[in-house]
Each structure stands twice: as C-alpha cells, then as structure tokens.
Amino acid sequence: MNNDSETQPAPSDAYFGLLDAIVVLAEAWKMLAIACILAVLAGFGYFQLQPKIYQSNAIVSLDAAQLALFSAPDFLERTGVDSAMWNLDLTHAEPALEPTQPYSVSFRAESPQAAQAGLDAVIKAFMAEVAPDATGTEILQRSRERIIKALENLELISTKLAQEADGTLPGAESELYARSVVLLLDEQAKREAELLDVESKLAGSGGIVVSAPSLPTAPIPQSLRAVMVASVGGAIFLVLCFAFGREAVRRAARTASGAEKLRRLSRAFSFGRRA
C-alpha cells in the first residue's frame, strides 16, 4: 500500500489552479520588484542617451506642377536630403480656391541651426530648379505683353458699350447688350488668369515662400512614459516566464516521466560529458 502511494503523483501536481498561480507570484515578488527597478533605471538611461531632435517649419505656396516636383523622390535625392528628416504635409495650411495652395514643410536635425539651414537649402534648391531660363523668360515676357494688350482692348470695348447704353435701349437691344457684357466679363476673367499664371512663371519660385524656415527653440518632445512602459513591461514578462517555467520544472520532477524527461534534457545540454 505504501509503495503504490509513493510512485503515484500527488493529485495537486496534475492540476495548476489559481491558488498555484498566486503562490508562484508570491515567491517571485522580490524578483519582480528588483526587475522593475532595474528596468526603470535602464529605461531612463536610454531616454537620456537619445539625441535631441529639432524641427524647422515653413509654409510654401505651390501649384499642382510644383507640388509634384517638390514631393518627387528624385528631387530629394538630387538635394542629398535624408528622407527620414524631411516632411511635406499635404494637408493645406488653409483652404484656398487659387491655383496655388499653401503647404507645410519641415526638416529635422540634431541642432536648431542645422534644421533651419537644411530646410532653407531644400527650398533654395527647388527655387533654382523651377526658375525659367533666358529663352523661357523671353517667351513669357512676350506672352505677358500680349495679354496686357488684350486686356486693354477689352477695357476699351467695355467703355464703349457703357457709353452706347447710356440712353434707354429697346428690349431686344437691351438683351443683346446684357449678353455682350457677360461675354466680355468672361473673356476678361480668362485673360486675367492667364496674366497671373505668366507672372508667376516669370517670378519662378521666388514667391512660393509664405513663411520662412523657423529657428526651433526647443527639441521635439519625446515620450518618457512610452519608454518606461516598454522597459517595465518587458522586465515583468521575462520574470513571469522564469517563475512559471521554474514551477513547471519542479512539478515535472515529482513524476517518474517528468524526471526522466529532465534527465534527458540535462544530458542533451551536457556537452562536456558523455551520456
């Protein structure tokens, strides 16, 4: 009777319940406390060793073609800018119905001066790429003169129509006059839009800078809480894995099959000894 009872595992070893988990945690509380303290110190040290990053911001006004060039990867490669430090916010700084839209651009570096200089260099490189050459400038100037002449002619026609309409017009002539004025105003608006486009091209990208690159006064805030949560969470996870793994080994050693498995495992890792 006594021999049979000694060879059978205790019923409590075959079941791991809530009370067993509480016992494991109670035995490991010192390890948990020490691990959390070490994790806090390690996380704080890591946070302090991280380099401070500064960000310079600017606002530029771009049309669709300029935006495509400004955000092209090959443009950044030509300027030698680290893409990880550069950001073009496609969210408009403010809603606008004009052909050009304001966009926010930023550049990051490890010092305020480097951040401001890097953003300024990118904007200047872009301005140099979109500036018209001598031939293009001559063509644009001729287009400008032609558009201005057309606007002057439209103004003369508008004045003449107004003079002819000073008196009372019959119904048919009044309707014709109204249609003429509508067509005239539409044509004048088109010419003015063309003139604005030509003048913007003549100016190149000189007028794209709405707000010059700023000189940052403080580094980008970093989250100490996130570092602490990650380090303490990792430490707790490792300690719990060790504590529950140790309890599993203890329970396995109390059974014949478990003890045999542990002996085989010990022999497998005993490289210096023969089986």
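Author: Buried means under 20% relative accessible area, exposed over 50%, and partly exposed in between, with a 1.4 Å probe and protein chains only. The model is predicted, so local features need pLDDT of at least 70 and side-chain atom pairs count only at pLDDT 80 or more, while totals for chains, interfaces and linings use all residues. Residues are numbered from 1 along each chain as its sequence is written, and side-chain values use heavy atoms, with hydrogens and water left out.

Reader: Which residue does the side chain of Glu247 meet in a salt bridge?

Author: Side chains of opposite charge can pair when their charged atoms come close. The rule for a salt bridge is a side-chain nitrogen of Lys or Arg within 4 Å of a carboxyl oxygen of Asp or Glu. Glu247 meets Arg251 in this way, at 3.1 Å from N to O. Arg251 is buried too, at 12% relative accessibility. Through shared partners, salt bridges join Asp20, Glu27, Glu247, Arg250 and Arg251 into one network.

Reader: What does the salt bridge between Glu27 and Arg250 tie together?

Author: The N to O distance of this pair is 3.4 Å. Glu27 is in helix H2 and Arg250 is in helix H9 (residues 224-253), so the bridge ties together parts that are 223 residues apart in sequence. Both residues count as partly exposed, Glu27 at 43% relative accessibility and Arg250 at 35%.

Reader: How many salt bridges does a search of the whole structure find?

Author: The search finds 5. One of them joins Asp120 and Lys124, with the closest N and O atoms 3.2 Å apart. Both of these residues lie in helix H6, 4 residues apart, about one turn of the helix. Asp120 counts as partly exposed, at 28% relative accessibility.

Reader: We keep naming helices. How many helices and strands does the chain have?

Author: Helices (H or I, at least four residues) and strands (E, at least two) are DSSP runs, numbered from the N terminus. This chain has 10 helices and 4 strands. In order from the N terminus, the elements run α-α-α-β-α-α-β-β-α-α-α-β-α-α.

Reader: Which residues touch the most other members of the largest nonpolar core?

Author: A nonpolar core is a set of buried Ala, Val, Leu, Ile, Met, Phe, Trp, Tyr and Cys residues joined through side-chain atoms within 4.5 Å. The largest one here has 21 residues, and Val60, Leu62, Phe70, Trp86 and Val105 touch the most other members. Among the elements that give two or more residues to this core are strands S1 (54-62), S2 (86-92) and S3 (101-109). Helix H6 gives the most, with 5 residues. A second, separate core has 6 residues, including Leu32, Ala35, Val232 and Val239. Over the whole chain of 275 residues, 25% are buried.

Reader: Which residues form a nonpolar patch on the surface?

Author: A patch is made of residues with over 30% relative accessible area and no salt bridge; like charges are joined within 9 Å, and nonpolar side chains (Val, Leu, Ile, Met, Phe, Trp, Tyr) within 5 Å. Here Leu18, Leu19, Ile22 and Val23 form one, with about 420 Å² of accessible area together. Such areas come from the Shrake-Rupley method with a 1.4 Å probe, and for residues only the protein chains shown count as cover. Leu18 is exposed, at 66% relative accessible area, and belongs to helix H2 (residues 18-27).

Reader: How many disulfides are there?

Author: A disulfide is a covalent bond between the sulfur atoms of two cysteines. The rule asks for a pair of cysteine sulfur atoms within 2.5 Å, and the count comes to 0. Cys241 is partly exposed, with a relative accessible area of 41%. Cys36 also counts as partly exposed, at 21%.

Reader: Where is Cys36, and which residues does it touch?

Author: Cys36 lies in helix H3 (residues 29-49). Contact means heavy atoms within 4.5 Å. Leaving aside residues up to four places away in sequence, Cys36 touches Val232 and Ile236. From Cys36 to Ser231 the C-alpha distance is 8.3 Å, although they are 195 residues apart in sequence.
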